[in-house]
Amino acid sequence: MADEKLKADWQAELASMRARMTDLREFIRTAADNHPALRTIWRTKGIFSLLPFGAEVTDVLARDHAIYMPPTGRINLAGLSSSTAERFVSAVKAVLPQPELIDVAQA
C-alpha cells in the first residue's frame, strides 16, 4: 500500500478483528465447557471452522433451534456475537449431549 494512513487503518482493523476472533473462540470454549463437538473452534484460526456435524445434526439445529449452516458443519465465526455464540453453544449441547454422537469421520 502506497498510502501509509490507509495502511495503518487497515492494519488496525485487522488487529481488531483478530482480537475479536480470539476473544470469541475463548468465549465459546468457556461456554462449551470443552464440549468435543466444538473443540475445532478453539483449535483453529481464521473466520471459518469445520465442525464434526453431519446433515442429521445440522437439520436438527435448524428445525429445533433456528441455527442454520451447511450440512458439512462449516460455520462462519465472524458472523457470531457473544450473545449469538452463547445461543449456538447451548443448541449444540442440547442436540449433542453425549460426545459419542459426534461424526467421528469429521472430528
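This is a selection-by-selection tour of the structure shown above.

The model is predicted: local features need pLDDT of at least 70, side-chain atom pairs count only at pLDDT 80 or more, and totals for chains, interfaces and linings use all residues. Residues are numbered from 1 along each chain as its sequence is written, and side-chain values use heavy atoms, with hydrogens and water left out.

**Core**

Select Ile 28, Leu 38, Phe 53, Leu 61, Leu 77, Phe 88 and Val 92. These have the most contacts inside the largest nonpolar core, a set of 24 residues. A nonpolar core here is a set of buried Ala, Val, Leu, Ile, Met, Phe, Trp, Tyr and Cys residues joined through side-chain atoms within 4.5 Å. Buried means under 20% relative accessible area, exposed over 50%, and partly exposed in between (1.4 Å probe, protein chains only). Colour the helices next: α1, α2, α3 and α4 each supply at least two residues of this core, and the largest share, six residues, comes from α4. Helices (H or I, at least four residues) and strands (E, at least two) are DSSP runs, numbered from the N terminus.

**Largest pocket**

Select Leu 14, Met 17, Arg 18, Met 21, Thr 22, Arg 25, Trp 42, Thr 44, Lys 45 and Gly 46, which line the largest pocket. A pocket is an open set of points on a 1 Å grid over the protein atoms alone, where a 1.4 Å probe fits, with protein on both sides within 12 Å along at least five of seven lines; lining residues have an atom within 4 Å of a point. About 240 Å³ of space lies in this pocket. Grid points are joined across faces, edges and corners, and the volume is the space filled by probe spheres set on the points. Helix α1 (residues 4–32) gives the largest share of the lining, six residues. Colour by class to see four nonpolar, three polar and three charged residues; Ala, Val, Leu, Ile, Met, Phe, Trp, Tyr, Cys and Pro count as nonpolar, Asp, Glu, Lys and Arg as charged, and the others, Gly among them, as polar.

**Second largest pocket**

Move to Ala 66, Ile 67, Tyr 68, Met 69, Ile 75, Asn 76, Leu 80, Thr 84, Arg 87 and Phe 88, the lining of the second largest pocket. This pocket holds about 170 Å³ of space. Both β2 (74–76) and α4 (82–95) supply at least two lining residues, with the largest share, three residues, from α4. The lining divides into seven nonpolar, two polar and one charged.

Stay on Ala 66. Its phi is positive, about 55°, although Ala 66 is not a glycine. Ala 66 sits in the loop between α3 (55–65) and β2 and is partly exposed at 39% relative accessibility.

**Asp 33**

Select Asp 33, in the loop between α1 and α2 (39–43). Phi of Asp 33 is also positive, near 55°. Asp 33 is exposed, with a relative accessible area of 63%.

**Salt bridges**

The whole structure has two salt bridges (a side-chain nitrogen of Lys or Arg within 4 Å of a carboxyl oxygen of Asp or Glu). Lys 5 is exposed at 57%, and Asp 9 is partly exposed at 39%.

Finish at Arg 63 and Asp 64, whose closest N and O atoms are 2.9 Å apart. Arg 63 is exposed, with a relative accessible area of 61%, while Asp 64 is partly exposed at 44%.
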